[in-house]
Amino acid sequence: MTKTAFSLNGKLIMVTGASSGIGRQCAVTCSRAGARVVLLGRDQARLKDTLNKMEDQDKHVIYSVDLIQYDRVAEIIKDLVAHKGRIYGLINCAGISTTLPLNAISPQKMEEFFRTNVIGAINLTKHAVKSAHFSETGGSVVFISSVMGVAGENGKTLYSMTKGALIAAVRSMAVELAPRKVRVNTVSPGVVESPMSRSAVYSKDEESLNRIRSLHPLGLGKPEDVANACLFLLSDEARWITGTNLVVDGGYLAR
Ligand SMILES: NC(=O)c1ccc[n+]([C@@H]2O[C@H](COP(=O)([O-])OP(=O)(O)OC[C@H]3O[C@@H](n4cnc5c(N)ncnc54)[C@H](OP(=O)(O)O)[C@@H]3O)[C@@H](O)[C@H]2O)c1
């Protein structure tokens, strides 16, 4: 096992969006910290690619699922607990992003984004944290939000409304689940180098990308920067932290 600052030794940790970018790195980082990881995403082949990068590959399990198939998600949780035992932690990383001016946003688009970025994640969390499924001594749930959940940019209404919703929902979940010592937090990254940011409009030409870089005093982030924050929030060292939004943005919001 590679040494990490924080330990998740033997703990069962679910990671959504594990087939790409930040979620992939979260799965790898959790495996290095000794966790048994449950990898969730739609693309089975890319989930397997993630597994190939992880430590102790036979300890982990893959479920290929679209998180907006809400009933299937409930079945997966039951199956998981029956075969692997109780869940200790969850990183809700799956998400979609776009840049669209307000007049191009339709109710259908709003529903699509809300379904994936908010309802899918909260539905999964609801099933995962049930008393019958979750660790009886407590645990930790992390939602990946974004600096766009608290700040504005041109064309980000659709994305921001979903990421802000997570930050708001987490506070109430944290209060509700605190009696069971289940902690719930968001992590809000600035722009991180990943397939998502590489396909964004600002990556299409060097001038736009330089403008985005200049908004991050420490430069753009790497998936590891976000995964390390998640590892901390999952670990016992964060045992008194709940209902908060941990900003991991290379100084974007400090400006
Ligand atoms: N990259 C950034 O700059 C940045 C900044 C702030 C916040 N974030 C947030 O960080 C998270 C991860 O972003 P990323 O950069 O790693 O993006 P990414 O490389 O595009 O990965 C997105 C992941 O979400 C999964 N996903 C999307 N819709 C899904 C669905 N309906 N059901 C199941 N899985 C689904 C994808 O699975 P499949 O590929 O298998 O379909 C993929 O694994 C997102 O929530 C994003 O909003 C990213």
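Let's start with strands β5 and β6. β5 covers residues 139-144, and β6 covers residues 182-189. The two pair in the parallel sense, over six bridges. Here is one of the residue pairs to find on screen: Phe 143 has Thr 186 in β6 as its bridge partner. Keep in mind that this is a predicted model.

Now step back to the whole sheet. How many strands form it? Seven, and the sheet is open. Read across, the order is β3-β2-β1-β4-β5-β6-β7. The pairing is parallel. At the edges sit β3, residues 61-64, and β7, residues 245-248. Each of these edge strands pairs on one side only. From one strand to the next, the twist averages 15°.

Two helices next. Helix α2, residues 44-52, packs on the sheet. It touches β2, residues 36-41, and β3. The direction of α2 makes about 160° with that of β3. Helix α4 is residues 107-128, and it packs on the sheet too. What does α4 touch? Four strands: β1 (12-16), β2, β4 (89-92) and β5. Its direction makes about 175° with that of β4.

At Ser 19, an N or O atom of the side chain is 2.7 Å from an oxygen atom of the ligand. At Asp 66, a side-chain N or O atom is 2.8 Å from a ligand nitrogen. Leu 67 uses its backbone: one of its polar backbone atoms is 2.9 Å from a nitrogen atom of the ligand.

How much of the ligand does the protein bury? Alone, the ligand exposes 900 Å², and the protein buries 93% of that.

Last, the makeup of the shell around the ligand.

Technical notes
Residues numbered from 1 in each chain as written. Predicted model: local features only at pLDDT ≥ 70, side-chain atom pairs only at ≥ 80, totals over all residues. Heavy atoms only, no water. Pairing = 2+ DSSP bridges. Axes fitted to C-alpha atoms, helices over the stretch in contact; angles between N-to-C directions. Contact = heavy atoms within 4.5 Å. Polar contact = N/O pair within 3.5 Å; in protein donor to acceptor, adjacent residues only side chain to side chain. Areas by Shrake-Rupley, 256 points an atom, 1.4 Å probe, with all protein chains shown as cover.
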